[in-house]
Every structure is written in C-alpha cells, then in structure tokens.
Amino acid sequence: GRCSAGQRVLASIVIRLALAETFCVNFGCIALDEPTVNLDFSNKRGLAIALAQIIASRSQQRNFQLVLITHDEDFVAMMKTEFSSQPGFPMPEKYFQVRREESSDGKFYSKIDAVDWEELI
C-alpha cells in the first residue's frame, strides 16, 4: 500500500535519527524543521515521546543541542508534558520563541524571546 504524507514525514525523521545514532557516536546536534507537518495526533505524541527520551538520555552529553523549528504549539505542549515525565531529567528552564515584530520605522524584525515552560498553557 501507499503511505500517507504523515507516515512519510515520520519515516523520514525516524531514519534520520537512526542514522545519527548509528554513525555519529558523539553526535551533538539534532535539527528538525517543522517535524509535525502532516502528522496526526498519535504520531505527534509518539514523536514528542521519542524526542523527550533522546534529549533525556543525551542531557549529560556536553555538546548536545536540539534545534526544533515549529509553528505547532500543541506539539510544544506535548514536549513539555513528555519532558516532565522523564525520570531524573531536570526540566529545561526555558524554550526560545521567534516572532516577527514591526518597528516604528515600519520594517519587520525577528524577535527572540526566552519563554518559561510554566508560561505554556
């Protein structure tokens, strides 16, 4: 049979993460751009669980960093829930939100805010 668009996205992410884990023993950075596009709720939750587990297991690795670009605020909330369920893992204090802001001269600039996880409803 054919895969749905969401299944293709999820398969692509799983393959990339598996390759990184296999070939990059001290892999320090994971970058995901809009990983929840075309994913249904259960697949988004599964991705949130998997990422939280990877982050928790890599939290002691000095060079580890996750860059996750998303417009999906529900997914961010899922990540918060999954982070808080990881045993022995200290919840990150903040996440960063980038938004567009118009200045007094009419030009638009990117504004980066450090947001406390507790502010996420």
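Tutor: The account below takes the salt bridges pair by pair. The model is predicted, so local features need pLDDT of at least 70 and side-chain atom pairs count only at pLDDT 80 or more, while totals for chains, interfaces and linings use all residues. Residues are numbered from 1 along each chain as its sequence is written, and side-chain values use heavy atoms, with hydrogens and water left out.

The structure contains five salt bridges, a salt bridge being a side-chain nitrogen of Lys or Arg within 4 Å of a carboxyl oxygen of Asp or Glu. One of them joins K44 and D72, at 2.8 Å from N to O. K44 belongs to helix α2 (residues 41-58), whereas D72 sits in the loop between β2 (65-69) and α3 (73-84), 28 residues apart. Here helices (H or I, at least four residues) and strands (E, at least two) are DSSP runs, numbered from the N terminus. K44 is buried at 16% relative accessibility, and D72 is buried at 13%; buried means under 20% relative accessible area, exposed over 50%, and partly exposed in between (1.4 Å probe, protein chains only).

Helix α2 also supplies R45, and helix α3 supplies E82, so this pair ties together parts 37 residues apart in sequence. The closest N and O atoms of E82 and R45 are 3.8 Å apart. E82 is buried, at 9% relative accessibility, but R45 is partly exposed at 40%.

A further salt bridge connects R99 with D113, at 2.8 Å from N to O. Because R99 lies in strand β3 (residues 94-102) and D113 in strand β4 (residues 108-116), the pair ties together parts 14 residues apart in sequence. Salt bridges with shared partners unite R99, E101 and D113 in one network. R99 is partly exposed, with 33% relative accessibility.
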